[in-house]
Amino acid sequence: MDMPTNYKPFSIVEVKFKGSRKEFYHNNDNIYLEAGELVAVETTTGGYDIGHVSITGELVRMQMTKRHVKEADVVKKIYRRATPADVDKWKIAKDMEWETMHKTRTMALDLNLSMKISDVDYQGDKTKATFYYTAEGRVDFRELIKKMAEAFRIRIEMRQIGMRQEASRLGGIGSCGRELCCSTWLTDFKTVSTSAARYQNLSLNTLKLAGQCGKLKCCLNYELDTYMDALKHIPDNVNVLRTEKGDARLQKTDIFKKIMWFSYPREESWVPMPIAKVKEIQQQNREGIIPADLGEMVEIETKPVKVLDYENVVGQDSLTRLDDRRNAGNNQNRNKNKPNNNNKSRNRGNRPDGAQAGPRPDGAQGSNRQQQQQGPRQDGAQGNNNRQQHQQGGNRPDGGNRPQGNRDGNRQQGPRPDGAQAGPKQEGGNRPQGSGNNRRNNNRPRPNNPNRNDNPPPARPE
(Lines give C-alpha, C1' and ligand atoms only; values in the text may rest on other atoms or scores of the structure.)
Protein backbone atom coordinates (compact mmCIF):
# COMPACT_ATOMS: atom_id res chain seq x y z
CA MET A 1 0.00 0.00 0.00
CA ASP A 2 1.36 3.42 -0.98
CA MET A 3 1.69 6.11 1.64
CA PRO A 4 0.34 9.66 1.15
CA THR A 5 2.70 12.11 -0.52
CA ASN A 6 2.94 14.33 2.55
CA TYR A 7 3.53 11.41 4.94
CA LYS A 8 6.68 11.51 7.03
CA PRO A 9 7.85 8.21 8.57
CA PHE A 10 8.11 8.00 12.31
CA SER A 11 11.71 8.74 13.25
CA ILE A 12 11.87 6.64 16.43
CA VAL A 13 12.95 2.98 16.28
CA GLU A 14 12.76 0.28 18.95
CA VAL A 15 15.98 -1.71 19.43
CA LYS A 16 16.27 -4.97 21.36
CA PHE A 17 19.30 -6.08 23.35
CA LYS A 18 20.26 -9.11 25.41
CA GLY A 19 17.79 -10.32 28.03
CA SER A 20 14.63 -8.85 26.41
CA ARG A 21 15.86 -5.31 27.10
CA LYS A 22 14.29 -2.85 24.66
CA GLU A 23 14.88 0.88 24.24
CA PHE A 24 13.80 3.64 21.85
CA TYR A 25 16.24 5.59 19.64
CA HIS A 26 15.98 8.48 17.19
CA ASN A 27 16.74 7.79 13.53
CA ASN A 28 17.85 11.32 12.68
CA ASP A 29 19.68 10.34 9.48
CA ASN A 30 16.57 8.60 8.09
CA ILE A 31 18.45 5.32 7.58
CA TYR A 32 16.26 2.67 5.97
CA LEU A 33 16.03 -0.05 8.60
CA GLU A 34 14.18 -3.34 8.69
CA ALA A 35 13.35 -5.60 11.60
CA GLY A 36 16.25 -7.82 12.60
CA GLU A 37 19.09 -5.62 11.36
CA LEU A 38 22.07 -4.87 13.58
CA VAL A 39 22.61 -1.19 14.38
CA ALA A 40 25.15 0.80 16.41
CA VAL A 41 23.37 3.04 18.93
CA GLU A 42 24.36 5.68 21.46
CA THR A 43 24.85 4.88 25.15
CA THR A 44 24.55 7.02 28.27
CA THR A 45 28.13 6.45 29.44
CA GLY A 46 29.90 6.94 26.11
CA GLY A 47 30.86 4.60 23.35
CA TYR A 48 28.34 2.61 21.34
CA ASP A 49 26.32 -0.57 21.69
CA ILE A 50 25.05 -3.13 19.16
CA GLY A 51 21.41 -4.25 19.07
CA HIS A 52 18.73 -5.67 16.79
CA VAL A 53 15.93 -3.57 15.33
CA SER A 54 12.64 -4.94 16.67
CA ILE A 55 9.95 -2.68 15.18
CA THR A 56 9.81 0.47 13.05
CA GLY A 57 7.19 2.90 11.77
CA GLU A 58 3.81 3.53 13.35
CA LEU A 59 4.06 0.40 15.49
CA VAL A 60 6.71 2.20 17.53
CA ARG A 61 4.24 4.98 18.29
CA MET A 62 1.73 2.44 19.59
CA GLN A 63 4.42 0.75 21.68
CA MET A 64 5.44 4.06 23.22
CA THR A 65 1.83 4.79 24.11
CA LYS A 66 1.54 1.39 25.78
CA ARG A 67 4.67 1.98 27.86
CA HIS A 68 3.74 5.59 28.60
CA VAL A 69 6.88 6.97 26.96
CA LYS A 70 6.80 10.44 25.39
CA GLU A 71 8.75 11.46 22.31
CA ALA A 72 10.50 14.19 24.26
CA ASP A 73 11.94 11.57 26.64
CA VAL A 74 13.80 9.79 23.80
CA VAL A 75 17.24 11.43 23.59
CA LYS A 76 19.59 8.71 22.33
CA LYS A 77 20.05 8.15 18.60
CA ILE A 78 21.15 5.57 16.07
CA TYR A 79 24.66 6.03 14.69
CA ARG A 80 24.75 3.66 11.72
CA ARG A 81 24.19 0.15 10.53
CA ALA A 82 26.63 -2.24 12.16
CA THR A 83 29.70 -2.75 10.01
CA PRO A 84 31.52 -6.12 9.78
CA ALA A 85 34.19 -4.78 12.15
CA ASP A 86 31.50 -3.79 14.68
CA VAL A 87 29.90 -7.23 14.45
CA ASP A 88 33.21 -9.05 14.97
CA LYS A 89 34.03 -6.94 18.01
CA TRP A 90 30.54 -7.47 19.40
CA LYS A 91 30.79 -11.26 19.01
CA ILE A 92 34.16 -11.32 20.81
CA ALA A 93 32.63 -9.35 23.69
CA LYS A 94 29.69 -11.77 23.94
CA ASP A 95 32.02 -14.76 24.05
CA MET A 96 33.73 -13.29 27.11
CA GLU A 97 30.56 -13.05 29.19
CA TRP A 98 30.42 -16.67 30.38
CA GLU A 99 34.03 -16.76 31.59
CA THR A 100 33.70 -13.34 33.24
CA MET A 101 30.59 -14.38 35.16
CA HIS A 102 32.24 -17.47 36.64
CA LYS A 103 35.35 -15.54 37.67
CA THR A 104 33.16 -12.95 39.38
CA ARG A 105 31.27 -15.64 41.27
CA THR A 106 34.57 -17.02 42.56
CA MET A 107 35.60 -13.56 43.75
CA ALA A 108 32.28 -13.05 45.55
CA LEU A 109 32.67 -16.39 47.35
CA ASP A 110 36.20 -15.50 48.44
CA LEU A 111 34.89 -12.28 49.99
CA ASN A 112 31.94 -14.13 51.67
CA LEU A 113 29.33 -11.90 50.00
CA SER A 114 25.71 -13.11 50.17
CA MET A 115 24.94 -12.39 46.54
CA LYS A 116 24.51 -14.36 43.33
CA ILE A 117 25.90 -13.12 40.02
CA SER A 118 23.22 -14.23 37.57
CA ASP A 119 24.24 -12.57 34.29
CA VAL A 120 26.84 -10.34 32.62
CA ASP A 121 26.15 -8.02 29.67
CA TYR A 122 29.10 -6.57 27.74
CA GLN A 123 28.71 -3.38 25.75
CA GLY A 124 29.17 -3.64 21.99
CA ASP A 125 32.50 -1.77 21.97
CA LYS A 126 33.86 -3.96 24.81
CA THR A 127 34.54 -1.00 27.10
CA LYS A 128 31.87 -1.62 29.75
CA ALA A 129 30.16 -4.57 31.42
CA THR A 130 26.97 -4.67 33.47
CA PHE A 131 26.76 -7.32 36.21
CA TYR A 132 23.26 -8.41 37.30
CA TYR A 133 22.98 -9.99 40.75
CA THR A 134 20.29 -11.08 43.18
CA ALA A 135 20.46 -10.71 46.96
CA GLU A 136 18.05 -10.65 49.86
CA GLY A 137 19.28 -7.31 51.18
CA ARG A 138 21.89 -4.65 50.61
CA VAL A 139 25.41 -5.85 49.83
CA ASP A 140 28.67 -3.94 50.26
CA PHE A 141 30.52 -4.90 47.09
CA ARG A 142 33.10 -2.07 46.98
CA GLU A 143 35.98 -4.46 47.52
CA LEU A 144 34.56 -6.76 44.85
CA ILE A 145 34.48 -3.93 42.28
CA LYS A 146 38.15 -3.15 42.92
CA LYS A 147 39.17 -6.73 42.24
CA MET A 148 36.97 -6.93 39.16
CA ALA A 149 38.41 -3.72 37.70
CA GLU A 150 41.96 -5.04 38.18
CA ALA A 151 41.10 -8.38 36.59
CA PHE A 152 38.98 -7.28 33.60
CA ARG A 153 40.27 -3.73 32.89
CA ILE A 154 36.83 -2.39 31.95
CA ARG A 155 34.18 -0.13 33.40
CA ILE A 156 31.87 -2.04 35.73
CA GLU A 157 28.25 -1.45 36.65
CA MET A 158 26.46 -3.50 39.31
CA ARG A 159 22.67 -3.79 39.05
CA GLN A 160 20.44 -5.66 41.50
CA ILE A 161 17.40 -7.45 40.07
CA GLY A 162 14.59 -9.55 41.50
CA MET A 163 13.87 -13.23 41.10
CA ARG A 164 11.43 -12.68 38.26
CA GLN A 165 13.83 -10.44 36.33
CA GLU A 166 16.49 -13.10 36.75
CA ALA A 167 14.21 -15.77 35.29
CA SER A 168 13.32 -13.49 32.37
CA ARG A 169 17.00 -12.92 31.57
CA LEU A 170 18.03 -16.54 31.85
CA GLY A 171 14.91 -18.01 30.20
CA GLY A 172 13.72 -21.60 30.39
CA ILE A 173 10.79 -23.97 29.86
CA GLY A 174 7.77 -23.78 32.13
CA SER A 175 5.59 -26.59 33.48
CA CYS A 176 3.24 -26.08 30.51
CA GLY A 177 6.00 -27.13 28.12
CA ARG A 178 6.42 -23.70 26.53
CA GLU A 179 9.06 -21.02 26.89
CA LEU A 180 8.69 -18.73 29.88
CA CYS A 181 6.30 -15.83 29.34
CA CYS A 182 8.62 -13.38 31.10
CA SER A 183 11.44 -14.17 28.66
CA THR A 184 9.31 -13.91 25.50
CA TRP A 185 6.54 -11.31 25.67
CA LEU A 186 5.68 -10.40 29.29
CA THR A 187 7.33 -7.10 30.25
CA ASP A 188 5.43 -5.82 33.28
CA PHE A 189 5.22 -8.05 36.35
CA LYS A 190 2.01 -7.71 38.33
CA THR A 191 1.50 -8.87 41.88
CA VAL A 192 0.22 -12.43 42.21
CA SER A 193 -1.42 -13.58 45.47
CA THR A 194 -2.79 -16.88 46.73
CA SER A 195 -6.33 -15.49 46.47
CA ALA A 196 -6.06 -15.92 42.70
CA ALA A 197 -5.60 -19.66 43.24
CA ARG A 198 -8.51 -19.80 45.67
CA TYR A 199 -10.91 -18.14 43.25
CA GLN A 200 -9.97 -20.68 40.61
CA ASN A 201 -10.46 -23.66 42.99
CA LEU A 202 -6.80 -24.69 42.77
CA SER A 203 -5.03 -26.65 45.45
CA LEU A 204 -2.71 -24.47 47.49
CA ASN A 205 0.38 -26.51 46.71
CA THR A 206 3.44 -24.28 46.55
CA LEU A 207 5.33 -26.74 44.38
CA LYS A 208 2.66 -26.54 41.67
CA LEU A 209 1.84 -22.85 42.00
CA ALA A 210 5.45 -21.59 42.01
CA GLY A 211 7.42 -20.98 38.84
CA GLN A 212 11.12 -21.22 38.12
CA CYS A 213 11.73 -17.91 39.86
CA GLY A 214 10.39 -19.32 43.14
CA LYS A 215 7.43 -16.94 43.14
CA LEU A 216 3.79 -17.56 42.25
CA LYS A 217 3.27 -18.09 38.54
CA CYS A 218 2.29 -15.02 36.57
CA CYS A 219 -0.21 -17.09 34.57
CA LEU A 220 -2.47 -17.31 37.63
CA ASN A 221 -3.68 -13.81 36.74
CA TYR A 222 -4.49 -14.62 33.11
CA GLU A 223 -7.95 -16.17 33.73
CA LEU A 224 -8.68 -14.53 37.05
CA ASP A 225 -11.09 -11.97 35.56
CA THR A 226 -13.11 -14.73 33.86
CA TYR A 227 -13.48 -16.60 37.14
CA MET A 228 -14.44 -13.42 38.96
CA ASP A 229 -17.24 -12.74 36.44
CA ALA A 230 -18.52 -16.31 36.73
CA LEU A 231 -18.53 -16.17 40.54
CA LYS A 232 -20.92 -13.20 40.53
CA HIS A 233 -23.85 -15.54 39.80
CA ILE A 234 -22.95 -18.12 42.46
CA PRO A 235 -24.88 -17.62 45.74
CA ASP A 236 -22.92 -17.19 48.97
CA ASN A 237 -23.32 -19.01 52.30
CA VAL A 238 -25.02 -22.08 50.87
CA ASN A 239 -22.94 -24.71 52.61
CA VAL A 240 -26.11 -26.26 54.15
CA LEU A 241 -29.69 -26.43 52.84
CA ARG A 242 -32.32 -27.58 55.38
CA THR A 243 -35.01 -30.00 54.20
CA GLU A 244 -37.41 -32.43 55.89
CA LYS A 245 -35.25 -35.31 54.61
CA GLY A 246 -32.20 -33.83 56.32
CA ASP A 247 -29.56 -31.16 55.99
CA ALA A 248 -27.97 -31.23 52.52
CA ARG A 249 -24.36 -30.11 52.43
CA LEU A 250 -22.55 -28.57 49.49
CA GLN A 251 -20.00 -30.89 47.91
CA LYS A 252 -19.03 -29.33 44.58
CA THR A 253 -19.68 -26.24 42.45
CA ASP A 254 -19.25 -25.81 38.70
CA ILE A 255 -19.20 -22.07 38.16
CA PHE A 256 -19.29 -22.28 34.34
CA LYS A 257 -22.16 -24.78 34.04
CA LYS A 258 -23.84 -23.10 37.03
CA ILE A 259 -24.57 -26.39 38.79
CA MET A 260 -24.08 -27.20 42.48
CA TRP A 261 -23.95 -30.70 44.01
CA PHE A 262 -25.42 -31.48 47.46
CA SER A 263 -25.53 -34.69 49.48
CA TYR A 264 -27.64 -35.93 52.42
CA PRO A 265 -26.11 -37.41 55.57
CA ARG A 266 -25.22 -41.12 55.36
CA GLU A 267 -25.78 -41.13 51.59
CA GLU A 268 -23.10 -41.48 48.96
CA SER A 269 -25.04 -40.10 45.98
CA TRP A 270 -24.83 -36.41 45.14
CA VAL A 271 -27.81 -34.37 43.95
CA PRO A 272 -26.99 -31.83 41.18
CA MET A 273 -29.07 -28.65 41.30
CA PRO A 274 -29.12 -25.53 39.13
CA ILE A 275 -28.28 -22.21 40.72
CA ALA A 276 -31.85 -20.92 40.41
CA LYS A 277 -33.19 -23.86 42.46
CA VAL A 278 -30.49 -23.36 45.11
CA LYS A 279 -31.40 -19.69 45.47
CA GLU A 280 -35.08 -20.62 45.80
CA ILE A 281 -34.48 -23.14 48.61
CA GLN A 282 -32.09 -20.72 50.32
CA GLN A 283 -34.77 -18.03 50.32
CA GLN A 284 -37.31 -20.48 51.78
CA ASN A 285 -34.92 -21.36 54.61
CA ARG A 286 -34.53 -17.70 55.43
CA GLU A 287 -38.32 -17.34 55.65
CA GLY A 288 -38.54 -20.40 57.87
CA ILE A 289 -40.00 -22.71 55.25
CA ILE A 290 -38.45 -26.18 55.08
CA PRO A 291 -39.14 -28.04 51.82
CA ALA A 292 -39.65 -31.80 51.73
CA ASP A 293 -36.49 -32.48 49.72
CA LEU A 294 -34.21 -30.89 47.16
CA GLY A 295 -36.50 -31.87 44.30
CA GLU A 296 -35.90 -33.96 41.24
CA MET A 297 -32.37 -34.68 40.14
CA VAL A 298 -31.18 -32.75 37.14
CA GLU A 299 -29.92 -34.93 34.32
CA ILE A 300 -26.66 -33.59 32.97
CA GLU A 301 -26.20 -34.18 29.29
CA THR A 302 -22.67 -35.14 28.42
CA LYS A 303 -21.68 -35.07 24.79
CA PRO A 304 -19.51 -37.99 23.71
CA VAL A 305 -15.97 -37.00 23.06
CA LYS A 306 -14.86 -37.70 19.52
CA VAL A 307 -11.74 -39.81 19.69
CA LEU A 308 -9.48 -39.47 16.67
CA ASP A 309 -7.30 -42.42 15.88
CA TYR A 310 -3.86 -42.20 14.39
CA GLU A 311 -5.00 -42.58 10.78
CA ASN A 312 -7.50 -39.72 10.91
CA VAL A 313 -5.12 -37.33 12.65
CA VAL A 314 -2.04 -37.89 10.57
CA GLY A 315 -3.77 -38.85 7.32
CA GLN A 316 -1.88 -42.08 6.73
CA ASP A 317 -3.31 -45.51 6.00
CA SER A 318 -0.80 -47.76 7.66
CA LEU A 319 2.65 -47.56 9.15
CA THR A 320 3.76 -50.63 7.16
CA ARG A 321 2.31 -49.57 3.81
CA LEU A 322 5.78 -49.02 2.33
CA ASP A 323 6.96 -52.44 3.52
CA ASP A 324 4.00 -54.12 1.79
CA ARG A 325 4.82 -52.46 -1.51
CA ARG A 326 8.46 -53.42 -1.22
CA ASN A 327 7.62 -57.06 -0.48
CA ALA A 328 5.25 -57.17 -3.45
CA GLY A 329 7.97 -55.81 -5.72
CA ASN A 330 10.43 -58.41 -4.48
CA ASN A 331 7.96 -61.23 -5.19
CA GLN A 332 7.45 -60.00 -8.75
CA ASN A 333 11.19 -59.85 -9.33
CA ARG A 334 11.54 -63.39 -7.99
CA ASN A 335 8.88 -64.70 -10.41
CA LYS A 336 10.62 -63.01 -13.33
CA ASN A 337 14.02 -64.48 -12.43
CA LYS A 338 12.66 -68.05 -11.85
CA PRO A 339 13.56 -70.41 -14.80
CA ASN A 340 10.58 -71.30 -16.97
CA ASN A 341 11.10 -75.09 -17.01
CA ASN A 342 7.65 -76.34 -16.09
CA ASN A 343 5.24 -75.81 -18.97
CA LYS A 344 2.49 -77.87 -17.44
CA SER A 345 -0.15 -75.18 -17.50
CA ARG A 346 0.72 -74.12 -21.02
CA ASN A 347 0.52 -77.66 -22.39
CA ARG A 348 -2.86 -78.20 -20.78
CA GLY A 349 -4.26 -74.92 -22.05
CA ASN A 350 -3.07 -75.37 -25.65
CA ARG A 351 -4.07 -79.05 -26.07
CA PRO A 352 -6.93 -79.47 -28.59
CA ASP A 353 -10.27 -80.87 -27.48
CA GLY A 354 -10.26 -84.62 -27.25
CA ALA A 355 -6.51 -84.98 -27.82
CA GLN A 356 -4.95 -87.54 -25.51
CA ALA A 357 -1.52 -88.96 -25.20
CA GLY A 358 -0.99 -92.51 -26.41
CA PRO A 359 -0.19 -95.31 -24.01
CA ARG A 360 3.39 -96.06 -23.25
CA PRO A 361 5.00 -99.46 -23.07
CA ASP A 362 5.56 -101.10 -19.70
CA GLY A 363 8.64 -99.94 -17.89
CA ALA A 364 8.82 -96.58 -19.62
CA GLN A 365 9.02 -93.73 -17.11
CA GLY A 366 8.51 -90.04 -17.74
CA SER A 367 11.32 -87.61 -17.33
CA ASN A 368 9.30 -85.12 -15.30
CA ARG A 369 6.04 -84.67 -13.40
CA GLN A 370 4.23 -83.33 -16.48
CA GLN A 371 4.70 -86.53 -18.44
CA GLN A 372 3.48 -88.60 -15.49
CA GLN A 373 0.23 -86.64 -15.18
CA GLN A 374 -0.66 -86.51 -18.88
CA GLY A 375 -3.10 -89.10 -20.25
CA PRO A 376 -2.79 -91.13 -23.49
CA ARG A 377 -2.47 -89.12 -26.64
CA GLN A 378 -4.18 -89.71 -29.99
CA ASP A 379 -2.39 -89.88 -33.28
CA GLY A 380 -1.99 -86.55 -34.92
CA ALA A 381 -2.04 -84.53 -31.68
CA GLN A 382 -0.36 -81.22 -32.27
CA GLY A 383 2.39 -80.09 -29.85
CA ASN A 384 2.20 -76.78 -28.15
CA ASN A 385 5.79 -75.74 -28.30
CA ASN A 386 5.82 -73.20 -31.12
CA ARG A 387 9.39 -72.19 -30.45
CA GLN A 388 10.57 -75.73 -31.28
CA GLN A 389 8.60 -75.66 -34.55
CA HIS A 390 10.30 -72.43 -35.62
CA GLN A 391 13.69 -73.85 -34.80
CA GLN A 392 13.05 -77.11 -36.73
CA GLY A 393 11.74 -75.19 -39.75
CA GLY A 394 9.02 -77.72 -40.70
CA ASN A 395 7.31 -81.03 -40.02
CA ARG A 396 9.10 -84.24 -39.29
CA PRO A 397 9.25 -86.96 -42.03
CA ASP A 398 7.12 -90.08 -41.98
CA GLY A 399 8.12 -92.51 -39.33
CA GLY A 400 10.95 -90.35 -38.07
CA ASN A 401 11.84 -91.31 -34.54
CA ARG A 402 12.95 -88.61 -32.18
CA PRO A 403 16.25 -89.38 -30.47
CA GLN A 404 15.96 -90.31 -26.82
CA GLY A 405 18.83 -88.11 -25.74
CA ASN A 406 16.97 -84.82 -26.15
CA ARG A 407 17.92 -82.25 -23.48
CA ASP A 408 14.47 -80.84 -22.84
CA GLY A 409 11.97 -83.49 -21.82
CA ASN A 410 9.07 -81.08 -22.09
CA ARG A 411 9.37 -80.53 -25.82
CA GLN A 412 6.81 -82.43 -27.86
CA GLN A 413 6.81 -83.52 -31.44
CA GLY A 414 5.34 -81.18 -34.00
CA PRO A 415 2.48 -82.04 -36.36
CA ARG A 416 3.19 -84.98 -38.68
CA PRO A 417 1.86 -85.65 -42.21
CA ASP A 418 -1.37 -87.58 -42.65
CA GLY A 419 -0.98 -91.23 -41.81
CA ALA A 420 2.38 -90.84 -40.19
CA GLN A 421 2.63 -92.39 -36.76
CA ALA A 422 5.34 -92.20 -34.23
CA GLY A 423 7.33 -95.34 -33.82
CA PRO A 424 7.03 -97.22 -30.56
CA LYS A 425 9.60 -96.58 -27.93
CA GLN A 426 12.16 -99.24 -27.40
CA GLU A 427 12.02 -101.30 -24.29
CA GLY A 428 14.57 -100.44 -21.71
CA GLY A 429 15.09 -96.96 -23.13
CA ASN A 430 14.39 -95.23 -19.88
CA ARG A 431 16.23 -92.12 -18.97
CA PRO A 432 18.17 -91.94 -15.70
CA GLN A 433 16.09 -91.03 -12.69
CA GLY A 434 16.16 -87.35 -11.79
CA SER A 435 17.02 -86.19 -15.33
CA GLY A 436 13.88 -84.04 -15.69
CA ASN A 437 13.76 -80.45 -16.81
CA ASN A 438 16.29 -79.10 -14.34
CA ARG A 439 19.00 -77.23 -16.17
CA ARG A 440 21.63 -78.24 -13.68
CA ASN A 441 20.88 -81.95 -14.32
CA ASN A 442 20.91 -81.40 -18.08
CA ASN A 443 24.54 -80.35 -17.99
CA ARG A 444 25.65 -83.57 -16.23
CA PRO A 445 27.08 -86.45 -18.36
CA ARG A 446 24.54 -89.18 -19.10
CA PRO A 447 25.33 -92.88 -18.53
CA ASN A 448 25.89 -95.14 -21.54
CA ASN A 449 22.73 -96.89 -22.64
CA PRO A 450 23.14 -99.86 -24.99
CA ASN A 451 19.55 -99.61 -26.21
CA ARG A 452 19.77 -95.94 -27.11
CA ASN A 453 19.42 -95.13 -30.78
CA ASP A 454 22.70 -93.46 -31.72
CA ASN A 455 21.75 -93.04 -35.36
CA PRO A 456 21.45 -89.45 -36.49
CA PRO A 457 17.98 -88.20 -37.32
CA PRO A 458 16.91 -88.50 -40.94
CA ALA A 459 17.29 -85.55 -43.22
CA ARG A 460 14.33 -83.22 -43.52
CA PRO A 461 12.55 -83.06 -46.86
CA GLU A 462 13.26 -80.08 -49.03
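This report walks through a predicted model of one protein, from its overall build to single residues.

## Ground rules

The model is predicted, so local features need pLDDT of at least 70 and side-chain atom pairs count only at pLDDT 80 or more, while totals for chains, interfaces and linings use all residues. Residues are numbered from 1 along each chain as its sequence is written, and side-chain values use heavy atoms, with hydrogens and water left out.

## Overall build

The protein has 15 helices and twelve strands. Both are DSSP runs, numbered from the N terminus: helices are H or I with at least four residues, strands are E with at least two.

The protein has 462 residues, and 30% of them are buried. Buried means under 20% relative accessible area, exposed means over 50%, and partly exposed lies in between (1.4 Å probe, protein chains only). The accessible surface comes to about 32,500 Å². Carbon and sulfur atoms hold 47% of that surface. These areas come from the Shrake-Rupley method with a 1.4 Å probe; for residues, only the protein chains shown count as cover.

A contact means heavy atoms within 4.5 Å. Take the contacts between residues at least 6 apart in sequence: 57% of these join residues at least 24 apart.

## Aromatic pairs

A pair of aromatic rings is described by the distance of the centres and the angle of the planes. Rings of Phe, Tyr and Trp (its six-membered ring) pair if their centres lie within 6.5 Å; planes under 30 degrees apart count as stacked, over 60 as edge-to-face and the rest as tilted. The count here is five aromatic pairs.

One of them is the stacked pair of Phe131 and Phe152, at 6.4 Å centre to centre with 25° between the planes. Phe131 lies in strand S7 (residues 128–134) and Phe152 in helix H4 (residues 142–152), so this pair ties together parts 21 residues apart in sequence. Phe131 is buried at 0% relative accessible area. Phe152 is also buried, at 16%. Tyr133 and Phe141 have ring centres 5.7 Å apart and planes at 70°, so their pair is edge-to-face. Tyr133 is buried at 5%, and Phe141 is buried at 18%.

## Charges over rings

A charge sits over a ring if NZ of Lys or CZ of Arg is within 6 Å of the ring centre and within 35 degrees of the ring normal. The charged end of Arg21 sits over the ring of Phe17, 4.3 Å from its centre. Arg80 lies over the face of Tyr48, 5.3 Å from the ring centre.

## Salt bridges

A salt bridge is a side-chain nitrogen of Lys or Arg within 4 Å of a carboxyl oxygen of Asp or Glu. The whole structure has 21 of them.

Lys18 takes part in a salt bridge with Glu97 (2.6 Å, N to O). This pair links distant parts of the chain, 79 residues apart: Lys18 is in the loop between strand S1 (12–16) and strand S2 (22–26), and Glu97 is in helix H3 (residues 97–110). Lys18 is partly exposed at 29% relative accessibility, whereas Glu97 is buried at 7%. Lys18 also meets Asp119 in a salt bridge (3.1 Å, N to O). Asp119 lies in strand S6 (residues 116–122) and Lys18 in the loop between S1 and S2, so the pair ties together parts 101 residues apart in sequence. Asp119 is buried at 8%.

Arg21 forms a salt bridge too, with Glu23 (2.8 Å, N to O). Arg21 is partly exposed at 22% relative accessibility. A network of salt bridges links residues that include Lys18, Arg21, Glu23, Glu97 and Asp119. Asp49, Lys76, Lys94, Asp121 and Arg169 also belong to the network.

## Cysteines

A disulfide is a pair of cysteine sulfur atoms within 2.5 Å. The structure has zero disulfides. For Cys213, the nearest cysteine sulfur is that of Cys218, 6.3 Å away. Cys213 is buried at 18% relative accessibility. Cys218 is in no disulfide either, and its nearest cysteine sulfur is that of Cys213.

## A loop residue: Asn239

Asn239 is in the loop between helix H8 (224–231) and strand S9 (240–243). Asn239 is exposed, at 55% relative accessibility. Leaving out residues up to four places away in sequence, Asn239 touches Ala248, Arg249 and Leu250. Asn239 and Phe262 are 23 residues apart in sequence and 8.9 Å apart in space, C-alpha to C-alpha.
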